[in-house]
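I opened a new page for this structure. These are my entries, in the order I looked things up.

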Amino acid sequence: MRNIFDTHSHYTDTAFDDDRDELLKGLQDRGVKYIMLASTCVDDIKGNAILAEKYDYIYTSAGFHPENIEDIPEDYVSIVRKAVSGNPKTMAIGEIGLDYHYDGYDREKQIEVFENQVILSKELDIPVIVHSRDATEDTLNILKKYQPSGVVHCFSGSAETAKEIIKIGMYIGFTGVITFKNAKKAIRSLEVVPLERLLLETDCPYMSPVPFRGKRCDSSMIAYTAEKASEIKGLPVQELLDITCRNGMKLYRIQGD
């Protein structure tokens, strides 16, 4: 397989500390054409920028994840602005969004931080990478209000929610979750997403597809996610990889063949 575009990854994660460079040097030989790194905090923004500079096929984003808002710097908007403006390989603001999964979350603060980063994306004319967990209504309200370009990543919501996101003009990213036996909801959503709005991702080192579930994930494993997605969409797996690669390049404005 070829033309794998992993549109969401976390290669600064400690899971890759022992073999990060060895792995990244070999992924292109395993069909990976592009990788997008998602940032969650200041350290991520810095570390991802270093990786994107080191590897031609890797691009990055800059943003603050909702789980990190307790320690977020007061000048977080300026930090993201500087990261985007100062690095030609920073192609998106992310990973940003809302996460109400764990007790004790600060809903108002999450919404404020999310909105400010979406507003910045509109100002800079750059897409967003959106994380949403147990926060569908608030996430949709903000996206409908500002109409950003971008992607809702690691999608496992309903088909109805997927349709609302598509109406906004955004893309939807699916992980190895669609290969799980209990992934009926995600599969129903995948069925309604038009091919021109579909992205594939790993969210590595997490979300490994079957038969690697429970093990560390890497970008080459999208091949297994693509096989399942192509089965659902009724087209050859390589055609689906070609389409999703073009979609990622279009979203992130990456020039290439």
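This is a predicted model: local features need pLDDT of at least 70, side-chain atom pairs count only at pLDDT 80 or more; totals for chains, interfaces and linings use all residues.

**Entry: a charged patch**

I looked for charge on the surface. E70, D71, D106 and E112 gather there in a patch of negative charge. I picked D71 and asked where in the chain it sits. D71 lies in the loop between β3 (58-62) and α3 (76-86). Is D71 buried or exposed? Its relative accessibility is 69%, and the cut-off for exposed is over 50%, so D71 counts as exposed.

**Entry: strand β3**

How many of its residues are buried? I found five of five, so I use the cut-off of under 20% here and call the strand mostly covered. I then checked which way its residues point. I58, T60 and A62 point one way from β3. Y59 and S61 point the other way. Residues on both sides are buried.

Next I looked up the neighbours of β3. Strand β2 (residues 32-37) runs parallel to β3, and three bridges join the two. One detail I wrote down is that M36 has Y59 in β3 as its bridge partner. Strand β4 (residues 90-99) is also joined to β3 by three bridges, and this pair runs parallel. There, A62 stands opposite I93 in β4.

**Entry: salt bridges**

How many salt bridges does the structure hold? I noted 14. Side chains of opposite charge can pair when their charged atoms come close.

K54 has a relative accessible area of 48%, so I list K54 as partly exposed. D21 is at 29%, so D21 counts as partly exposed too.

My next pick was R133 with D99. The closest N and O atoms of this salt bridge are 3.0 Å apart. This pair also links distant parts of the chain: R133 belongs to strand β5 (residues 128-133) and D99 to strand β4, 34 residues apart. D99 stands at 4%, so D99 counts as buried. I also saw that E67, D99 and R133 are linked in a network of salt bridges.

D125 lies in the loop between α4 (107-124) and β5, and R253 in the segment after α9 (237-252), so the pair ties together parts that are 128 residues apart in sequence. D125 has 49% relative accessibility, which means it counts as partly exposed. R253 is at 45%, so R253 is partly exposed.

**Entry: K109**

K109 has 26% relative accessibility, so it counts as partly exposed. I also looked up its distance to L98, eleven residues away along the chain. The C-alpha atoms of K109 and L98 are separated by 9.8 Å.

I ended with the backbone. Most residues other than glycine have a negative phi, and most peptide bonds are trans. I listed exceptions.

Which peptide bonds did I find to be cis? One runs from G94 to E95, with omega near 15°. E95 is in strand β4. Another runs from C204 to P205, with omega near 20°. P205 is in the loop between β8 (198-200) and α8 (222-233).

For phi, I noted C154. It is not a glycine, yet its phi is positive, about 50°. C154 lies in the loop between β6 (150-152) and α6 (159-168). R253 came up again here. R253 is not a glycine either, and its phi is positive at about 55°.

Notes:
Residues are numbered from 1 along each chain as its sequence is written. Side-chain values use heavy atoms; hydrogens and water are left out. Patches are made of residues with over 30% relative accessible area and no salt bridge: like charges are joined within 9 Å, nonpolar side chains (Val, Leu, Ile, Met, Phe, Trp, Tyr) within 5 Å. Accessible areas come from the Shrake-Rupley method with a 1.4 Å probe; for residues, only the protein chains shown count as cover. A salt bridge is a side-chain nitrogen of Lys or Arg within 4 Å of a carboxyl oxygen of Asp or Glu. Lys and Arg count as positive and Asp and Glu as negative; His and the chain ends are not counted. The place of a charge is taken as NZ of Lys, CZ of Arg, CG of Asp or CD of Glu. Helices (H or I, at least four residues) and strands (E, at least two) are DSSP runs, numbered from the N terminus. Buried means under 20% relative accessible area, exposed over 50%, partly exposed in between (1.4 Å probe, protein chains only). Two strands pair if DSSP finds at least two bridges between them.
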